[in-house]
Amino acid sequence: MEIISNCTQADIKKAAKALKDGYLVAFPTETVYGLGADATNEQAVGRIYSAKGRPSDHPLIVHVSSTHQINKWGINIPEFAMKLATKFWPGPMTLVLERSELAKNFVTGNQHTVGLRIPDHPVATALLKEFEKIGGLGVVAPSANRFGAVSPTLLDEVIEELGGNLFVSDMALGGGRSVIGIESTIIDCTRKSPIVLRPGFISIEMIEEVTGVQSNLIINDSEIRSSGQFSSHYSPLATVMLDQLPGAGEGFLAMANIETPSGAIRLGSPSSIAEFASIMYTALRQADRLGLEKIHVIQPLGSGLALAIRDRLKKAAFS
Ligand code: TXA
Ligand code: MG
């Protein structure tokens with residue numbers, strides 16, 4: 001795999017061509033790093049499943065560069081979804097829409113819906129635009145980690161996760177830390193009102209304000225296979241314990257105003273909820289690098305992004 005930490009336009013062009021030729025390209029987004037493949041190439045998409053060790057009926061999000069591409073993948077798009085698209089794209093939001101002919105079973109996991117996202121990161125945007133220029137229609141990109149593991153928010157973490165499973169002609173592009181730090185909010189737009197399948201930076205409150213319709217959070221709907229639907233996910237090797245104080249030699253992640261108990265190993269001291277989300281996955285990974293057995297996390301309180309953080313932590317802690 002070719003690793004490029006600081007992409008030039010020539011690198012972006014090469015990466016777009018690699019995608020078009022059926023290779024995989026890992027790239028940064030504002031939420032987490034993704035592992036990309038041409039969404040119309042069944043073989044390339046198949047390689048994503050094997051590189052990640054991911055069950056093949058698990059649907060993928062199609063990434064495009066602008067709202068012009070949306071109608072190619074989604075049909076019968078309701079007005080509230082258009083409002084969300086206009087307000088929050090490019091950004092940390094995925095809309096689940098009724099699928100067009102273009103969205104095949106190998107992308108949607110046999111569902112009649114398709115997840116779409118316009119990411120907000122200069123490298124992702126440049127790559128998607130260049131890919132579209134040479135005839136590409138969309139890039140599927142799950143988080144660039146092994147299935148069930150913690151999503152990467154840095155290029156080094158992508159290499160740590162997938163380096164061994166990629167081909168020589170695959171590529172990995174860098175673009176600094178993913179600033180949001182947790183995956184996009186997934187909103188099902190195929191029913192009368194928006195339903196949040198996976199909480200994220202775009203909160204229920206924000207959705208309701210923009211659409212003027214009531215929105216709900218769904219957890220554990222067995223008919224919809226979203227990443228949130230697996231009880232255990234986003235897990236480091238270390239055992240994650242919630243809202244209890246650590247003993248000596250155990251990892252500790254909490255807001256900056258909470259002191260480190262004696263002998264515990266501080267993994268992060270964010271001073272805001274946004275910073276908590278941004279560093280959380282790297283802190284969990286750090287525990288594994290240090291070979292710790294336990295990580296104690298004091299969860300942030302409140303709604304919005306804090307709720308999304310707790311959603312991920314609950315799954316990380318599930319055993
Ligand atoms: O922030 C993100 O969304 C990142 C970046 C790379 O864009 N991507 C990401 O992809 O988190 P992934 O595959 O790790 O998680 C996407 C989740 C999947 O678990 C899948 O179940 C859900 O989105 N999903 C995709 N298409 C869907 C659909 N048609 N209906 C319901 N859920 C869907
Ligand atoms: Mg994922």
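This is a predicted model: local features need pLDDT of at least 70, side-chain atom pairs count only at pLDDT 80 or more; totals for chains, interfaces and linings use all residues.
Which residues are linked in a network of salt bridges?

The domain assignment divides the protein chain into domain 1, covering 2–217, and domain 2, covering 239–317, and the centres of the two, taken over C-alpha atoms, are separated by 27 Å. To the contact between them, domain 1 contributes 24 residues and domain 2 contributes 17 residues. About 1500 Å² is buried between domain 1 and domain 2, with carbon and sulfur atoms giving 53% of that area. On the domain 1 side, V150, I182 and P199 lose the most area to domain 2, and together they make up 33% of what that side buries.

Turning to the polar part of this interface, there are 13 residue pairs in polar contact between domain 1 and domain 2, and the element that gives the most to the domain 1 side is helix α7, residues 155–162, with three residues. Sorted by class, that side of domain 1 has 10 nonpolar, seven polar and seven charged residues. Five salt bridges are found across the interface of the two domains, while the structure as a whole holds 14.

That brings me back to the opening question: the network of salt bridges links E157, E160, E161, R285 and R289.

D170 and R47 form a salt bridge in which the closest N and O atoms are 2.5 Å apart, and because D170 lies in the loop between α7 and β9 whereas R47 lies in helix α2, residues 42–52, the pair ties together parts that are 123 residues apart in sequence. Both D170 and R47 are buried.

The other pair is K17 and D21, whose closest N and O atoms are 2.9 Å apart in a salt bridge. Here K17 is partly exposed because its relative accessibility is 47%, and D21, at 44% relative accessibility, is partly exposed too.

Technical notes
Residues are numbered from 1 along each chain as its sequence is written. Chains are lettered from A and ligands numbered from 1 in the order in which they are written. Side-chain values use heavy atoms; hydrogens and water are left out. Domain bounds come from an automatic or database domain assignment. Contact means heavy atoms within 4.5 Å. Buried area is the accessible area (1.4 Å probe) that two parts lose on being put together, summed over both. A salt bridge is a side-chain nitrogen of Lys or Arg within 4 Å of a carboxyl oxygen of Asp or Glu. A polar contact is a pair of N or O atoms within 3.5 Å; within protein, one must be able to donate a hydrogen and the other to accept it, and residues adjacent in sequence count only if both atoms are side-chain atoms. Helices (H or I, at least four residues) and strands (E, at least two) are DSSP runs, numbered from the N terminus. Ala, Val, Leu, Ile, Met, Phe, Trp, Tyr, Cys and Pro count as nonpolar, Asp, Glu, Lys and Arg as charged, and the others, Gly among them, as polar. Buried means under 20% relative accessible area, exposed over 50%, partly exposed in between (1.4 Å probe, protein chains only).
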